Amino acid sequence: MSTDFYEITPCGLCGKFPLLWKKIGSHGVMTLSTCSHSRVTSRPMSVVVIKGRFYCQTDVSYLKCRQIKENPNTALSFRNFSIEGRCRIMDKPVMHSGFIKAMTEHFPSAVTRYSGLDTERVLEITPTLIYLWEYKNDKPYMEYYDFRNDTYRKVEM
């Protein structure tokens, strides 16, 4: 696996980031939640992680894109991770070679079926907060990685 998936800009959390990105991995089917006009919707998405950001693709005419245009605050849920972030709608997938390479490696049928469609777009989610449940000696605790405030905290239950 390429180290590109674990690089992120320098900050106070750097000692914690490599382990976080290793735990998350380079890809997964994650539930994307979007919201506008007091309506929250969620759906599974094929997601790749590149340099500390989450990427997926979708048709620009779908409800999720309309919601993101109105409210870029989104969330991803994946295994024991909750990921809050800001989403931006980018160009067509074929205009992003790193995205196509990662998607081809992990979700080749999605690339074959959808990446070349004229209305398909890449969604880029920049995390603002990632938190997760963990257990040590059968005792639960939560870890919080706050990207806005450049802080990490562990809360034992």
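User: Which residues touch the most other members of the largest nonpolar core?
Analyst: This is a predicted model. Of the 24 residues in that core, L20, W21, I24, F54, L76, F81 and I130 touch the most other members.

User: Which elements give two or more residues to this core?
Analyst: Helices α1 and α2 (63-70) do. So do the strands β1 (27-36), β2 (39-50), β3 (53-59), β4 (73-78), β5 (81-89) and β6.

User: What does the second core include?
Analyst: I50, Y55, F107 and A110 are among its twelve residues. The second core is separate.

User: Back to α1. Which of its residues are buried?
Analyst: Helix α1 spans residues 17-24, and its buried residues are F17, L20, W21 and I24.

User: Why are they on the same side of α1?
Analyst: They cover an arc of only 90 degrees around the axis, so they share one side of α1. In general, an α-helix has 3.6 residues a turn, so residues three or four places apart point the same way.

User: What follows α1?
Analyst: G25 does, and its phi is positive, near 90 degrees.

User: New topic, the surface. Which residues form a nonpolar patch there?
Analyst: W133, Y135 and M157 do. Together they have about 380 Å² of accessible area.

User: Where is W133, and what is its relative accessible area?
Analyst: W133 is in strand β6, residues 120-136. Its relative accessible area is 39%, so W133 counts as partly exposed.

User: And D146, buried or exposed?
Analyst: D146 is buried, at 18% relative accessible area; the cut-off for buried is under 20%. D146 is found in strand β7, residues 139-146.

User: How many Å apart are D146 and K64 in space?
Analyst: They are 25 Å apart, C-alpha to C-alpha, and 82 residues apart in sequence.

Note on methods:
Residues are numbered from 1 along each chain as its sequence is written. This is a predicted model: local features need pLDDT of at least 70, side-chain atom pairs count only at pLDDT 80 or more; totals for chains, interfaces and linings use all residues. Side-chain values use heavy atoms; hydrogens and water are left out. Buried means under 20% relative accessible area, exposed over 50%, partly exposed in between (1.4 Å probe, protein chains only). Helices (H or I, at least four residues) and strands (E, at least two) are DSSP runs, numbered from the N terminus. The arc is that of the directions from the helix axis to the C-beta atoms. Patches are made of residues with over 30% relative accessible area and no salt bridge: like charges are joined within 9 Å, nonpolar side chains (Val, Leu, Ile, Met, Phe, Trp, Tyr) within 5 Å. Accessible areas come from the Shrake-Rupley method with a 1.4 Å probe; for residues, only the protein chains shown count as cover. A salt bridge is a side-chain nitrogen of Lys or Arg within 4 Å of a carboxyl oxygen of Asp or Glu. A nonpolar core is a set of buried Ala, Val, Leu, Ile, Met, Phe, Trp, Tyr and Cys residues joined through side-chain atoms within 4.5 Å.
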